[in-house]
Amino acid sequence: MRLGDPTVLYRVGTIELELPLSHELPFYQHDHPRYDRQLGTIAAELGGPVVDVGANVGDSAAAIRAESEVPILCIEGDPKFFALLERNARRIGDVELERAFVEGPARGRLQRVAGTAHIVEGDEALASKPLAQILEGHPTFSRPALIKLDTDGMDIPILLANLALLEDLRPVLFFEYDPHIGADPAIFERLREAGYRTADWYENTGEHVATVELPAHLHEDYVGHRGARYADVCVRPR
């Protein structure tokens, strides 16, 4: 990482991960002990391959590994986070890696803040690939049981770009929903049309809020919080 931002070790489950000192994960988990817990529980329940889109340094993969031995495909486009992900993957075990931004632009610029990154306008070449192409390159994950997305504003566009693929594969979906960065409730009607039926809503701090039948949603509950409050949503097919 950049000068003045050395790496430190931080334990997730039984695994010590390398994080940039600037990463907010330790503070967030200290303040919100249920953060990221539900993802491991869902992966263990499903018992099949997991695709982690926006894997960052592997913290979600480590949380999944704390609960089960399922194979995990970690996809991360940021080269600096990916370098740490490569090292952490050896500690996590049974992890395949892909350095790519899923459905991202060919050019742009990365803006990093407190352990996350998102693409803004710019002229740097970006490693971007369609989700279908990535899955084709990793046969173990051709029919994932779970797809998790955490891409700082690209979750809904990625889902919309892959509705036909999702209708065919029918994985459980776990994604971030934040109106402050463009989340649109129309996604729930589109997912219903693709064969999905229920959505579990969780606070970004980890607490379960409600289970609803699609296309019902809790969009208005998360409007106006400027990113301080958002939801994680687990959508399941019939």
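A quick word before you click on. You are looking at a predicted model, in which local features need pLDDT of at least 70 and side-chain atom pairs count only at pLDDT 80 or more, while totals for chains, interfaces and linings use all residues. Residues are numbered from 1 along each chain as its sequence is written, and side-chain values use heavy atoms, with hydrogens and water left out.

**Stop 1**

Now select residues 15–20, which make up strand β2. Strands (E, at least two residues) and helices (H or I, at least four) are DSSP runs, numbered from the N terminus. Of the 6 residues in β2, 5 are buried, so this strand is largely enclosed by the rest of the structure.

Two strands count as paired if DSSP finds at least two bridges between them. Strands of a sheet pair through backbone hydrogen bonds, either parallel or antiparallel. Click on L9, and you will find E18 as its bridge partner in β2. The hairpin has 2 residues between its strands, and there G13 takes a positive phi near 65°.

**Stop 1: salt bridges**

Which residue's side chain meets that of E18 in a salt bridge? Select R91: the N to O distance is 3.6 Å. R91 lies in helix α4 (residues 79–92) and E18 in strand β2, so the pair ties together parts that are 73 residues apart in sequence. A salt bridge here is a side-chain nitrogen of Lys or Arg within 4 Å of a carboxyl oxygen of Asp or Glu. Side chains of opposite charge can pair when their charged atoms come close. R91 counts as partly exposed, at 38% relative accessibility. The whole structure holds 10 salt bridges.

Next, select R236 and D200, another salt bridge, with the closest N and O atoms 3.9 Å apart. This pair links distant parts of the chain, 36 residues apart: R236 sits in strand β14 (residues 231–237) and D200 in strand β12 (residues 196–203). R236 is buried, with a relative accessible area of 19%, and D200 counts as buried at 11%.

Then go to E203 and R229, whose side chains meet in a salt bridge at 2.6 Å, N to O. E203 is in strand β12 and R229 in the loop between β13 (208–213) and β14, 26 residues apart. E203 is buried at 14% relative accessible area, whereas R229 is partly exposed at 26%.

**Stop 2: the open sheet**

In which order do the 8 strands of the open sheet stand? The order is β5-β4-β3-β10-β11-β14-β12-β13, with mixed pairing. β5 and β13 stand at the edges with a single partner strand each, so one side of each is left without a neighbour in the sheet. On average, neighbouring strands of this sheet are turned by 15° against each other, direction ignored.

Zoom in on strand β11 (residues 172–177), which runs antiparallel to β14 and is joined to it by 5 bridges. Y177 stands opposite A231 in β14. Turn to α4, which packs on the sheet, touching β4 (72–75) and β5; the direction of α4 makes about 170° with that of β5. Helix α8 (residues 186–193) also packs on the sheet, touching β11, β12 and β14, and its direction makes about 170° with that of β11. Contact means heavy atoms within 4.5 Å; axes are lines fitted to C-alpha atoms, for helices over the stretch in contact, and angles run from 0 to 180 degrees between N-to-C directions.

**Stop 3: backbone details and cysteines**

Select L214 and P215: a cis peptide bond joins them, with omega about 15°. P215 lies in the loop between β13 and β14. Then try N56, a residue other than glycine with a positive phi, near 60°. You will find N56 in the loop between β3 (50–53) and α3 (59–65), and it counts as buried at 12% relative accessibility.

A disulfide is a pair of cysteine sulfur atoms within 2.5 Å, and the count comes to 0 disulfides. C74 is buried at 0% relative accessible area, and C234 counts as buried at 0% too.

Notes. Buried < 20%, exposed > 50% of the residue type's maximum accessible area, 1.4 Å probe, protein only.
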